[in-house]
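Morning, everyone. I'll keep this brief. Let me put the structure up.

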Amino acid sequence: MNTVVCFVYFSLVFGQLTTKPPEEVVDVKLYVHVQWINSVEPAQNSVVLSVIFSVNWTDSRLASGRKSDYEVTTSSIWIPDLRILDGIDGDKQLDPKIARVSPDGIVRLVLRRTVSVWCFFEFKYYPYDYHA
């Protein structure tokens, strides 16, 4: 059995900031879940994926005395500049609108996007191989 290997480069960069970042070092966690493989184009070495991005970090300035999570617009808080690098359509900025904040200041973003990315396909054993 052959495997299909795709390298997708995600970047957390500090670009134009709408609000001031926290004073302390921010540990940003990025989780990527490929929900669907929409199409595969071996001749172009590309694949179109439906992806769920989950981004979490703590901003102590947003800690509140509330008993439950609350939602804020991302234009009112600091968020990292989220980009997909080297996509087929060039660098693509992920532009979330709403964030969920827990009472202790943990910020959560969830984004669903369809992305076109480069992917290397190995056809060494074709036509006798298969891809899972």
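Where is valine 34 found? Valine 34 sits in strand β2, residues 29–41; strands are DSSP runs of E, at least two residues, numbered from the N terminus.

A word on the source. This is a predicted model: local features need pLDDT of at least 70, side-chain atom pairs count only at pLDDT 80 or more, and totals for chains, interfaces and linings use all residues. Residues are numbered from 1 along each chain as its sequence is written, and side-chain values use heavy atoms, with hydrogens and water left out.

Back to valine 34. Its relative accessible area is 41%, so valine 34 is partly exposed; buried means under 20%, exposed over 50%, partly exposed in between, with a 1.4 Å probe and protein chains only.

Now the salt bridges. How many does the structure hold? Three. The cut-off is a side-chain nitrogen of Lys or Arg within 4 Å of a carboxyl oxygen of Asp or Glu. Side chains of opposite charge can pair when their charged atoms come close.

Take aspartate 27 and lysine 29: 3.0 Å, N to O. Lysine 29 is partly exposed, at 37%.

Next, arginine 61 and aspartate 59: 2.8 Å, N to O. Arginine 61 is partly exposed at 46%. Aspartate 59 is buried, at 1% relative accessibility.

Then arginine 100 with glutamate 71, where the closest N and O atoms are 3.1 Å apart. This pair links distant parts of the chain, 29 residues apart: arginine 100 in strand β7 (98–101), glutamate 71 in strand β4 (70–73). Glutamate 71 is exposed at 52%. Arginine 100 is partly exposed at 35%.

Terms used:
Helices (H or I, at least four residues) and strands (E, at least two) are DSSP runs, numbered from the N terminus.
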